[in-house]
Amino acid sequence: MIDEKLDDVYAEVLRRNPGESEFHQAVNEVLDSLGPSIAKHPQFARRKIIQRICEPERQIIFRVPWEDDAGEVHINRGFRVEFNSALGPYKGGLRFHPSVNLGIVKFLGFEQIFKNALTGLPIGGAKGGSDFDPKGRSNREIMRFCQSFMTELYRHLGEYTDVPAGDIGVGGREIGWMFGQYKRITNRWESGVLTGKGTEWGGSLVRTEATGYGTVFFLQEMLAARGTELAGRTCLVSGSGNVAIYAIEKLVEEGARVVACSDSGGVIHDPDGIDLDLLKQIKEVERARISVYADRRPSATFTEAGNIWEIPCDVALPCATQNELTGRDAEKLIANGCIAVAEGANMPTMPEGVRAFQDAGVSFGPGKAANAGGVATSALEMQQNASRDSWTFEYTEDRLRMIMKGIHTSCYETAKEYGQPGNYVIGANIAGFERVARAMVALGLI
């Protein structure tokens, strides 16, 4: 329940942002944790820090016209919500998916403020994207869309202003086309203006793997805190995109066995363990549906529109999309013996699911902490761009592991400080909020 001192703040958020249910959910989840921090630091309330954090510094909505291969004109909508720059330039990904709307982008940008703060790196929070659907589109169509999208967005970006990266529907291919258009328009090779670039032209090693790897590193720290380890554990990983694939890769490297993953069409269950090479071939090379895996792997079964969370496991990693894991799913996981959940996606667990895990003593790593590895490595890419340098895979992975260890320590110690040991949700929310709040106080009323 939200502290009564914050009831009016939340009511104002609802009034000013009607119909944006995902944004409301994200704000509610953070405000639910902040009562003890406001009691300890009343100056944050006097300066209306929370109200200011809940209102984006800038919201940009624009038209994106483009032409398909048949000559038909299409009009999509583009978004960039620059939420908070108290700690550094705005930083957050771009999502291309038909579900994208202002409420989705604001929820993601709001989460990004605290996630970025937890990394300890000098980056603010933002998010953007479009309701464009790249599925079924040719390379030429996607390139034309990316160029049109950047033709408007470029004027709001800069390595000291706003530095986007990829998200759902935006990978290295799309980043390349957007960077090319940015370079063409500005006549500047400003490599620090986008992250997730190809390694041949300014990108960072480990960036592709970072979100999935980082989620596993955070999971390992949670398990160590409860006196156990990852090796030998049976795992479920929802999704089969970039985050899921590289979470699976790192889980296997660390001695775990992943028996299921999914996409929007259904779930594959492979009791012998997911064949990672086959999964990569299907999803990264062929860009095919997950059902193809079961066609080629005798030990696997495919369930159309199946529920991955009904499969018994020790550890669950929701890595697909928001609100994919319900309260009923959480109860099923708990009944089947799950001891830890780490969110690889943004807000994938519904509030009743989070409460169920916490009540049952399941270690629960919220996305703003557990999946911060992607943005952390983006910030490392910015460091390399600024110094015209390039780091080895091993050095960058070590940096990522240490950042995730630091995030875990910050969340764990903050939860303990506020009388909620083991509650990573409260720990992440308060630790991230207080870092941003202190910076906002220092910068004055702006």
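Which residues do ring pairs link into a cluster? In this predicted model, the members are Phe62, Trp66, Phe96, Phe132, Phe145 and Phe149. The aromatic pairs of the structure number 20.

Phe23 and Phe110 are both buried. A second example is formed by Trp391 and Tyr395: the ring centres lie 5.2 Å apart and the planes meet at 85°, so this pair is also edge-to-face, given that planes over 60 degrees apart count as such. Here the two partners fall into separate burial classes. Trp391 has a relative accessible area of 13% and is therefore buried, the limit being under 20%. Tyr395, at 40% relative accessibility, counts as partly exposed.

At its start, a side-chain oxygen of Asn101 comes to within 3.0 Å of the backbone nitrogen of Gly103. Just after the helix, Gly120 adopts a positive phi of about 80°. Why is α5 described as largely enclosed by the rest of the structure? The reason is that 17 of its 17 residues are buried. In general, an α-helix has 3.6 residues a turn, so residues three or four places apart point the same way.

The view can now widen to the protein chain as a whole. Its secondary structure consists of 17 helices and twelve strands. The radius of gyration is 21 Å, close to the 22 Å that the globule rule gives for 446 residues, so the chain is as compact as a globular protein of that length. The C-alpha trace spans about 60 × 55 × 45 Å along its principal axes.

Of the 446 residues in the protein chain, 58% are buried. The chain exposes about 17,900 Å², and carbon and sulfur atoms supply 48% of that area. Among contacts between residues at least 6 apart in sequence, 72% join residues at least 24 apart.

Conventions
Residues are numbered from 1 along each chain as its sequence is written. This is a predicted model: local features need pLDDT of at least 70, side-chain atom pairs count only at pLDDT 80 or more; totals for chains, interfaces and linings use all residues. Side-chain values use heavy atoms; hydrogens and water are left out. Buried means under 20% relative accessible area, exposed over 50%, partly exposed in between (1.4 Å probe, protein chains only). Helices (H or I, at least four residues) and strands (E, at least two) are DSSP runs, numbered from the N terminus. A polar contact is a pair of N or O atoms within 3.5 Å; within protein, one must be able to donate a hydrogen and the other to accept it, and residues adjacent in sequence count only if both atoms are side-chain atoms. The radius of gyration is taken over C-alpha atoms; the globule rule is 2.2 Å times the number of residues to the power 0.38. Contact means heavy atoms within 4.5 Å. Accessible areas come from the Shrake-Rupley method with a 1.4 Å probe; for residues, only the protein chains shown count as cover. Rings of Phe, Tyr and Trp (its six-membered ring) pair if their centres lie within 6.5 Å; planes under 30 degrees apart count as stacked, over 60 as edge-to-face and the rest as tilted.
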